[in-house]
Amino acid sequence: MKRMAILGTVAALTAGSGALAQNSSYAHFGATSDTIRINGNTVFNEGDYTYEARIRVLAGSALGHIVSEQRDSYEDKTIGLAANGSYFMTGCSPDYATGTFSGTIAGFAADEWLHLAYVHRGSNVYIYVNGSLIETQVLIGCYGDRPDSWMSIGMFRYGAGYIPTPARPSFLGDLDWIRISAGARYTANFTPPYECDVSSDASTQLLLKFNEPAGTATLVDESPNHFVCDVGVPVYPGVTATSPTLGNTTDGFPACAPNENSSYAHFGATSDTIRIQGNTVFPTVDFTYEMRVRMAKGAPLNRVISEQRDAYEDKSVHLSSMGFYGSMVRGYFCGSENQTPTSTSLSDDWHHIAWVRSGSTARLYLDGALNAEWPSQPDCLGNSPDSWMAIGMIRYTYQQPTLPSFLGDIDWIRVSSTPRYFDAFTPPFECEVATDSQTLLLLKFNEAAGTTTLIDESPSHFQCDVGVAVNPGGSATSPTLGNTTTSYPACQAICDSDIDENGTTDANDIAILLANWSPHPKAAPRADVNGDGLVSSSDLTLVLMGWGTCP
């Protein structure tokens with residue numbers, strides 16, 4: 001879990017040393033049985049495509065699979081690599097035995113990070129290593145994708161008529177990230193991207209960055225497909241799959257200094273809507289709804305979020321340019337928890353707002369300061385199993401009128417199944433907001449203008465449709481994406497053990513840790529050094545291990 005020190009401006013970060021750490025974690029494939037199974041119909045293109053990854057191969061390791069797209073060998077695009085630089089690729093073939101080409105990368109060095117790109121463009125395939133073209137091959141004809149396809153990273157075993165085929169081994173080494181794209185991203189030599197340069201767009205078909213902590217069972221796919229990616233699960237039965245290890249950190253890459261906030265969603269019309277598809281059965285007791293918002297000048301009181309379409313357990317947030325009047329509603333059929341206006345104008349300035357419920361107490365925080373506290377209403381009748389959630393305009397049922405969207409901007413929004421704040425706190429900026437096991441929804445709105453489906457970074461991977469109405473009868477419009485701002489301080493990664501962020505891990509950090517020992521660790525969130533939701537001896541151990549000046 002990265003700790004962030006706030007600098008004065010983005011320019012200060014860019015000019016100085018110690019920028020945002022480029023890579024926070026990678027996946028280590030230490031056994032030939034290590035596997036990540038990509039669930040779903042991985043029908044990637046037969047036309048132009050790009051497979052790319054930042055990879056490190058262990059010295060002495062034999063040839064093994066990095067990625068294999070199809071379980072039935074139709075449209076079987078695979079990539080393999082060994083420590084001596086030998087490689088094999090299958091492009092677009094009727095079976096594993098044909099359409100394979102191989103070679104040796106000149107000057108290849110094991111135990112070193114490199115960028116590998118496999119590009120299909122026109123009738124040829126091209127292999128780039130660290131941005132330099134090393135191989136060109138003519139591609140044979142395709143047979144097409146099967147509708148029941150699977151994909152794996154690491155060990156692979158075909159299915160259908162190929163069940164007797166033995167399991168094919170995983171490569172041995174590390175993956176920082178891997179991205180599969182429709183279209184040829186590279187047409188000439190190029191400067192390889194680092195992880196902070198790699199993002200999802202309309203052509204992205206799979207994007208894994210492996211930044212989950214050790215023991216995570218399902219990875220976050222940042223592509224619009226949101227594939228379920230199971231760690232340690234075999235593709236087809238009959239073999240024993242093992243799990244690559246996550247949570248391995250490295251400082252071996254050059255650092256990147258992106259803006260702290262790269263984009264936000266602008267809600268400029270009362271009909272602007274983002275529909276969250278799926279069963280949004282969020283908690284009825286402990287929870288945190290938090291967001292960084294900026295209200296338009298003179299904006300009337302309208303809806304930012306509304307959790308349920310049927311009005312049961314309807315947790316919603318209403319904001320105006322002048323405050324929170326009528327902001328918290330916990331259910332059409334079980335009463336509301338309304339707040340009076342605040343004296344703070346929310347116009348034309350960014351604010352962090354957090355609505356927290358802990359047991360029978362509800363709290364409202366504005367910019368980390370407690371704004372209101374009240375006894376929470378009794379639990380509602382419960383969540384409806386066919387629930388929907390909306391950001392902006394909502395229409396509950398066919399009979400209900402359309403309720404308008406707020407007017408303003410959202411930088412990010414996170415819904416959690418835990419009370420994250422118990423006391424005054426320093427509001428997080430976007431680079432400090434990450435998904436964890438308590439995260440139910442996390443949107444950062446960094447997609448490009450015109451994107452129709454947002455990336456939910458939570459383990460739920462909800463489908464979030466831009467400009468789609470919740471229940472018919474209302475004409476929904478799209479908030480605009482791709483709006484950039486430099487009005488926030490930038491974030492600089494420092495060592496996790498430095499709780500007070502003064503550049504040194506010392507007795508002050510231990511004092512903060514002890515003062516916030518469980519069961520209420522969230523009064524000082526940064527005291528939870530390992531990010532497991534508790535302040536305990538594990539965090540104390542990490543502080544002691546990081547003693548001294550941060551690197």
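In the hairpin formed by β6 and β7, four residues lie between the strands, and G85 adopts a positive phi near 90°. Strands here are DSSP runs of E of at least two residues, numbered from the N terminus, and two strands are taken to pair if DSSP finds at least two bridges between them. The model is predicted, so local features need pLDDT of at least 70 and side-chain atom pairs count only at pLDDT 80 or more, whereas totals for chains, interfaces and linings use all residues. Residues are numbered from 1 along each chain as its sequence is written, and side-chain values use heavy atoms, with hydrogens and water left out.

Strand β6 (residues 78-81) is joined to β7 by four bridges in the antiparallel sense, with T78 opposite T90 of β7. Strand β7 (residues 86-90) is mostly covered, five of its five residues being buried (under 20% relative accessible area with a 1.4 Å probe, protein chains only; exposed is over 50% and partly exposed in between). The burial extends to both faces of β7: S86, F88 and T90 lie on one side, Y87 and M89 on the other. Strand β7 also runs antiparallel to β8, to which five bridges join it; Y87 has G103 in β8 as its bridge partner.

These strands belong to an open sheet of eight, in the order β8-β7-β6-β5-β12-β3-β16-β15, with antiparallel pairing. Its edges are β8 (100-104) and β15 (218-219), each of which pairs on one side only. Elsewhere in the order, β3 (residues 35-39) and β12 (residues 151-154) share four bridges in the antiparallel sense, and I38 stands opposite M151 of β12.
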